[in-house]
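Hi,

Here is the structure I promised to send over. Have a look at it first, and then read on for what I found.

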Amino acid sequence: MIGSVPIHGDLILAPMAGYSDAPFRSICRAFGSAISYTPLLPDDAIVHAPQQSARFTAFFPEERPVAMQLLAKEESRMLAAADKLMEQQPDIIDLNAGCPVRKVSGKGRGAALLLEPERLARLASALARALPVPITVKIRLGWDDNSRNHVQVARMLEDSGVVAIAVHGRTREQAFSGRADWQAIAEVRAAVDIPVIANGDVRTVADIEAIKAVTGCPAVMIGRGAIGNPWI
């Protein structure tokens, strides 16, 4: 369960800009993905270009449950964008606190929120109070190896009303280089009582069972490993 939403399966296609559109999501759903995450969208784009944004968040009825992922750093604009997303009746709203791309994190969004855990907690709490659907958050381990704060952030998010957390086992500085630290994801799993979804370096079926064994997480999120390989 993610809040009140039952999840029938333990594998989830990650939200990926440029890849996780409705056709690809539908293919992955047919092969076992349990949730459809639409690609992340900045709050200002949702507010100021709602028709264009709706193209990226459109989904087929058979994709439910559907989670829509939001990029934000300011509460008022975030809530305005969330209201726009709710017009499409998603099942879950996900706040992105993990995107490492410079044009995102350089503007204080995505992984940059890990540098301001109190701000991130306030944003998550505002969404949880304002919306009738479950709120989830995707994070990384921290900004860099010197500022890993994944456990602290996870606890603050749980206290803020977030009902599930997806953890990519890298820092923002790593982007997609090096190896994902699955043991760090296990630390988050041990620190909170809400579901934790493990993410990072899952490229084979064997990796799925391996990351579950190391982390103890009930579900696994697969991103790059599904590109060109939706049957994973």
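Predicted model: local features only at pLDDT ≥ 70, side-chain atom pairs only at ≥ 80, totals over all residues.

Which backbone oxygen does the side chain of Arg 170 reach? The oxygen belongs to Ser 177, and the distance is 2.8 Å.

Residues are numbered from 1 along each chain as its sequence is written, and side-chain values use heavy atoms, with hydrogens and water left out.

Back to the arginines. Arg 170 sits in the loop between strand S7 (164-168) and H8; helices (H or I, at least four residues) and strands (E, at least two) are DSSP runs, numbered from the N terminus. Arg 170 has a relative accessible area of 0%, so it counts as buried (under 20%; exposed is over 50%, partly exposed in between, with a 1.4 Å probe and protein chains only). Leaving aside neighbours within four places in sequence, its contacts (heavy atoms within 4.5 Å) include Arg 140, Phe 176, Asp 201 and Arg 224.

Arg 102, in helix H5 (residues 102-105), is exposed, at 65% relative accessible area. Not counting residues up to four places away in sequence, Arg 102 touches Lys 107 and Arg 172.

Now the helix pairs. H6 (residues 117-130) and H7 (residues 150-159) pack at about 25 degrees, axes 9 Å apart. (Axes are lines fitted to C-alpha atoms, for helices over the stretch in contact, and angles run from 0 to 180 degrees between N-to-C directions.) That angle makes H6 roughly parallel to H7 (under 35 degrees; over 145 is roughly antiparallel, 65 to 115 roughly perpendicular, the rest oblique). Among the residues making this contact are Leu 120 and Ala 124 of H6 and Val 153 and Met 156 of H7. The contact divides into 7 nonpolar, 1 polar and 1 charged (Ala, Val, Leu, Ile, Met, Phe, Trp, Tyr, Cys and Pro are nonpolar, Asp, Glu, Lys and Arg charged, the others, Gly among them, polar).

H8 (residues 182-191) and H9 (residues 205-215) pack at about 50 degrees, with axes 8 Å apart, and are therefore oblique to each other. Trp 182 and Ile 185 are among the H8 residues here, with Ile 211 and Val 214 among those of H9. By class, this contact has 6 nonpolar, 2 polar and 2 charged residues.

Cheers

Definitions and conventions:
Polar contact = N/O pair within 3.5 Å; in protein donor to acceptor, adjacent residues only side chain to side chain.
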